[in-house]
Amino acid sequence: MRESRGEVSKDPEVEMETLEDVHVTRRSETKVEHEEMRPLRSVESADEADVDARDEAYVRQVMRKVRWGILPMLWTMALICYIDRSNSAFAALDMREELDMSDATYALGSSVFFVGYMLFEVPSNYLLVRFGASFWLFRIVLSWGCVATAMAFVTGTKSFIGMRFLLGLAEAGAFPGMWYYMSLWFSEAEFGESYAILSSASAIAGIAGGLLAALILKMDGVLDFSGWRWLFFLEGLSAIGFAVILRWKLPDTPCKAAFLTPSERSWLTPRRNTALQARHDDERSPTGVKETLLDHRVWWIGIAWALAMCGYNGILFWIPIIIHGIVGEGSSASLASIVSIAPYGTAAVLMLANATHSRITNERRMHIFVPMFFGALSLALVAHIPGVLLPILVISIATAGVWALYGPLYSLPNTFLVGKGAAVGVAFINSCGSLGGLAGPLVIGLLSEKDNGTGKAFDILATLLVLGGVLMLFFPYDRKECRNWQQTTGSTHPVLVASQTDTPTSSSP
């Protein structure tokens, strides 16, 4: 496949004897003939419907192996990442008391993480493309594991803020890097649901992190070490250990995947290349770094993601403290950590359900707007509702609303970005989200200290969520772009073909 837009050299057609050796004919010099684009296959012994059914079964079989081959590793990486990123929320109740830390100082430390994250995110993803995914993701996990472990030895507010900044630098590029890596394996139609599975680790991290925190915090005083210091130390060590496994098990590209047979690898690589070429030939798709950073769609998603991340990180870093206030000031940090499971459990279920429904209906914008709207409404109400159970229910809805937009939103860049432009574009979008990560916890910390409550802070974050949702409601996204895959690969894409069966050709949401 040539790097520049234009013609692609034609290969002679070769008829395959088995469906495992299916290959896709390349795009012609002047135009795409739909019949030429269908996979070459033998139909002498079966009618067309039988062959289509067998094709679909073959694709499902291969992609099932791909999901089991790479998603567990990436999901575990994301889980450890979120646990190490957010464990300061569970440590905060005891840590703030021991270090004499105010709400505003804790908020600054939580937010400064995203300054380091934002500064190195685009360069990190650029280097990932250059050095290979498995090595660079290994480097990221190892670096953040070392810094996360060192968090156990902070002695005051300055060292806490400094280590949070270094943690952001070390972790920069983790999720854009995983996004780019997944784009090497999954088509656009498959991507949103698969990325939602990966992103569900953030919600599960709230559950696992809460349970782990409740157990580890009970180690308070062991070897004269505070419970919150043990929390940083042990969870940081887990990242260092996992980095070694990741380097050993994660293949760089589909053609190096040991869990696939040679024929499956030879089918998957041309399949991806054909889709990339279709995007590459589309004049609307930026291919270079400069083109990507100037593309209005990248900025559109980036701004909406920044607004969404204000609410997301405001919730992430303050849930245990908020719940501690709901269940009673006399409750322990361990109890608050356990009760925090409810919002994250709700978020994990709804984010997967939303991504699956988005894939089935081949729709993105409403699947982003609706969760953001209900998340904003719940966030605005939570500080004004008395009692215990009802506020926890409302904060659970707010959490689920913000988490649920992950899959649909992050499938959009995969419809128009390609090559290095995809790596840089997604890193830029995530960097914009880091601005929201910087603002969300800071707004809550400053206003809660000033007004002795989180009501005004949540009202502001809710407003920003609504603005982000409205912005994505008008995103210039054409469903027809999602059909490029079928136009270039024929009927061997069952997920997209199925979604198109019930989807009108209109570009409206």
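Which residues do ring pairs link into a cluster? In this predicted model, the cluster comprises W179, F191, Y195, W305, Y406 and Y410. Rings of Phe, Tyr and Trp (for Trp, the six-membered ring) are taken to pair if their centres lie within 6.5 Å, with planes under 30 degrees apart classed as stacked, over 60 as edge-to-face and the rest as tilted. Residues are numbered from 1 along each chain as its sequence is written, and side-chain values use heavy atoms, with hydrogens and water left out. Because the model is predicted, local features need a pLDDT of at least 70 and side-chain atom pairs count only at pLDDT 80 or more, whereas totals for chains, interfaces and linings use all residues.

The pLDDT (the predictor's confidence in each residue, from 0 to 100) averages 75 over the chain, and 73% of the residues score at least 70. Helices are DSSP runs of H or I with at least four residues, numbered from the N terminus. Confidence is highest in helix α3 (residues 133-150), at a mean of 92, and lowest in helix α19 (residues 494-501), at 32. The pLDDT is below 50 over residues 1-53, a stretch that has 97 contacts in the model beyond near neighbours in sequence; a contact denotes heavy atoms within 4.5 Å. Residues 481-509 likewise have a pLDDT below 50, with 84 contacts beyond near neighbours in sequence.

Burial was assigned from relative accessible area (buried under 20%, exposed over 50%, partly exposed in between; 1.4 Å probe, protein chains only). A nonpolar core is a set of buried Ala, Val, Leu, Ile, Met, Phe, Trp, Tyr and Cys residues joined through side-chain atoms within 4.5 Å. The largest such core has 124 residues, and W144 and W185 have the most contacts inside it. Helix α1 supplies the largest share of this core, with 21 residues. Leaving out residues up to four places away in sequence, W185 touches M63, V66, I70, P251, T253, P254, A257, F259, L260, L268 and R271.

Helix α1 spans residues 48-98 and includes N87. With a relative accessibility of 3%, N87 counts as buried. Its side chain is joined to that of E235 by a polar contact of 3.1 Å. A polar contact is a pair of N or O atoms within 3.5 Å; within protein, one must be able to donate a hydrogen and the other to accept it, and residues adjacent in sequence count only if both atoms are side-chain atoms. Beyond four places in sequence, N87 touches L231, F232 and E235.

Y58 is buried at 8% relative accessibility, and W267 is buried at 3%. W179 and F191 also form an edge-to-face pair, with 5.3 Å between centres and 65 degrees between planes. This pair links W179 in helix α5 to F191 in helix α6 (residues 188-216), twelve residues apart. Both W179 and F191 are buried. In helix α5 (residues 174-183), ten of ten residues are buried, among them F175, M178, W179, Y180 and Y181.

Charged groups also lie over aromatic rings, the criterion being NZ of Lys or CZ of Arg within 6 Å of the ring centre and within 35 degrees of the ring normal. The charged end of R139 sits over the ring of W136 at 4.4 Å from its centre. For K249 over the face of W248, the corresponding distance from the ring centre is 5.3 Å.

Further local features concern helix α9 (residues 289-294), which contains T292. T292 is buried, at 0% relative accessibility, and beyond four places in sequence it contacts P286, V298, L417, G421 and G425. R130, in helix α2 (residues 103-131), is exposed at 66% relative accessibility. The C-alpha atoms of R130 and K420 are separated by 9.4 Å, although these residues are 290 apart along the chain.

Positive phi values of about 55 degrees occur at two non-glycine residues, D100 and L223. D100 lies in the loop between α1 and α2 and is exposed, with a relative accessible area of 69%. L223 lies in the loop between α6 and α7 (227-249) and is exposed at 71% relative accessibility.

Key:
Helices (H or I, at least four residues) and strands (E, at least two) are DSSP runs, numbered from the N terminus.
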